[in-house]
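Here's a quick Q-and-A tour of the fold.

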Amino acid sequence: MTAAATAFRGVYGTGCEGVWAAPGRVNLIGEYTDVNDGFVMPLALPLRTGVAARARADGRLRLHSADIPGGVVTVAPDELRPGAVRGWAAYPAGVLWALREAGHAVAGADLHVESDVPVGAGLSSSAALEVATALALDGLYGLGLARPELARLARRAENAFAGVPCGIMDQTAAACCEAGHVLFLDTRDLTRRHLPFDLAAHGLRLLVVDTRVKHDLGEGEYARRRAGCEAAARALGVRALRDVPYGELDVAVRELRAVPGAGALVRHVVSENERVRAVAALLDAGDPRATGPLLTAGHASLRDDFAVSCPELDLVVATATGAGALGARMTGGGFGGSAVVLTDETTADTVERAVTAAFAAAGYATPRVFAVEAGEGARRVG
Ligand code: ADP
Ligand code: MG
């Protein structure tokens with residue numbers, strides 16, 4: 001990340017005051033549960049976004065990214081309102097806006113961004129950018145904000161300023177994860193537990209398979225699923241689907257039989273929360289290997305009940321489990337993006353080759369497959 005400091009000087013002609021970094025994430029299990037007040041279990045990737053930064057007294061924001069062509073973007077103080085900033089600049093500008101809205105005394109900044117988080121692969125490069133920016137501004141202006149508060153403001157930036165309706169998982173993962181652990185997060189009360197996830201110690205490997213596809217219907221379908229879940233909760237008379245106990249799932253589904261599609265949505269959300277709890281119990285017991293079937297069951301639920309998978313993600317899961325993986329599932333919003341595969345170290349290469357060959361045989365783009373360990377959350381790196 002000293003490269004980011006050097007690049008900052010090249011872009012702005014002066015040195016930066018520091019470099020702050022935040023990781024991308026994969027969600028081990030707990031999909032579409034965060035928009036239902038439920039449980040999620042992300043881990044930070046060893047890939048991260050760095051922000052080299054310098055304060056500006058004039059309230060102006062200048063932004064540059066090594067990953068986006070087009071040079072420096074300037075945001076004037078009167079442009080710092082929702083809807084006024086377009087493109088990638090809306091994410092860091094939204095963070096500055098959210099900090100000011102929350103009453104924090106932050107003027108402007110010059111920022112240079114460098115990242116090795118794949119963009120748009122469902123690995124949350126957006127939250128990595130927001131949280132790295134939030135931590136940089138926190139550092140430049142000596143705010144001393146706690147991590148969960150930085151995550152909350154980063155999410156506000158994405159929702160209200162960039163106009164993307166995401167839950168709280170991604171920003172919390174980027175801000176709060178710890179190396180060697182997954183983050184077991186209750187998205188209602190924001191209780192966090194760091195559960196041990198030392199793959200090497202158990203002879204395991206976690207592969208991320210980036211399918212490199214992103215089907216267009218994703219955004220509309222995401223909104224439709226959220227609305228469907230909210231309508232189902234209303235019909236059941238609960239605040240959120242989180243409040244439907246697993247033991248009452250069948251009763252709830254029967255109660256919803258007059259509402260088209262609602263039963264399947266509820267079945268996914270309620271069973272997924274139960275799977276997250278079950279994975280947590282296994283990790284607490286020191287048995288990560290046993291989580292495999294729960295991951296695969298989670299994929300089936302997303303594919304068959306929640307209907308957010310796609311042929312490429314289904315092919316990853318079918319091929320990986322067929323080649324001896326312990327478990328596999330799509331991760332993130334679906335309709336493309338990435339899958340996670342849990343394998344024994346000794347079968348990882350076989351699984352990777354099988355997935356790559358299956359994609360070639362199907363005529364799909366070559367997927368990007370990489371092994372990850374649970375990395376650390378955001379921090380100052382320079
Ligand atoms: P994901 O978060 O899954 O990677 P999103 O569509 O939510 O995908 O966010 C990707 C967007 O975030 C990019 O289109 C860009 O606007 C912004 N972004 C992410 N990383 C960077 C980066 N390194 N430099 C500039 N913009 C970035
Ligand atoms: Mg994102």
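Before we start: axes are lines fitted to C-alpha atoms, for helices over the stretch in contact, and angles run from 0 to 180 degrees between N-to-C directions. This is a predicted model, where local features need pLDDT of at least 70, side-chain atom pairs count only at pLDDT 80 or more, and totals for chains, interfaces and linings use all residues. Residues are numbered from 1 along each chain as its sequence is written, while chains are lettered from A and ligands numbered from 1 in the order in which they are written.

Q: How many helices and strands does the protein have?
A: Helices (H or I, at least four residues) and strands (E, at least two) are DSSP runs, numbered from the N terminus. Counted that way, the protein comes to 11 helices and 13 strands.

Q: What is the radius of gyration of the protein?
A: The radius is taken over C-alpha atoms, and the globule rule is 2.2 Å times the number of residues to the power 0.38. For 382 residues that rule gives 21 Å, and the protein is close to it, so it is as compact as a globular protein of that length. The C-alpha trace spans about 60 × 50 × 40 Å along its principal axes. The radius of gyration itself is 21 Å.

Q: Which element gives the most to the shell around ligand 1?
A: A residue is near the ligand if its C-beta atom, placed from the backbone, lies within 6 Å of it. That puts 17 residues around ligand 1, and the closest are S65, W88, S115, S125 and S126. With three residues, the top contributor is α3.

Q: How many charged residues does the shell around ligand 1 have?
A: Ala, Val, Leu, Ile, Met, Phe, Trp, Tyr, Cys and Pro count as nonpolar, Asp, Glu, Lys and Arg as charged, and the others, Gly among them, as polar. The shell holds eight nonpolar and eight polar residues, and the charged count is one.

Q: Are α2 and α3 parallel, perpendicular or oblique to each other?
A: The axes of α2 (residues 90-101) and α3 come within 9 Å and cross at roughly 45°. Angles under 35 degrees count as roughly parallel, over 145 as roughly antiparallel, 65 to 115 as roughly perpendicular and the rest as oblique. The two helices, α2 and α3, are therefore oblique.

Q: Is the crossing of α3 with α4 left-handed or right-handed?
A: These two pack at about 125° with axes 9 Å apart, α4 being residues 147-161. A crossing is left-handed if the near helix is turned anticlockwise from the far one by less than a right angle, and right-handed if clockwise. The way α3 passes α4 is right-handed.

Q: Which residues of α5 does α3 meet?
A: The axes of α3 and α5 (residues 169-176) come within 9 Å and cross at roughly 55°. Two residues are in contact if their C-beta atoms, placed from the backbone, lie within 7 Å. From α3 come A127, A128, E130 and V131, and their partners in α5 are D170, Q171, A174 and A175.
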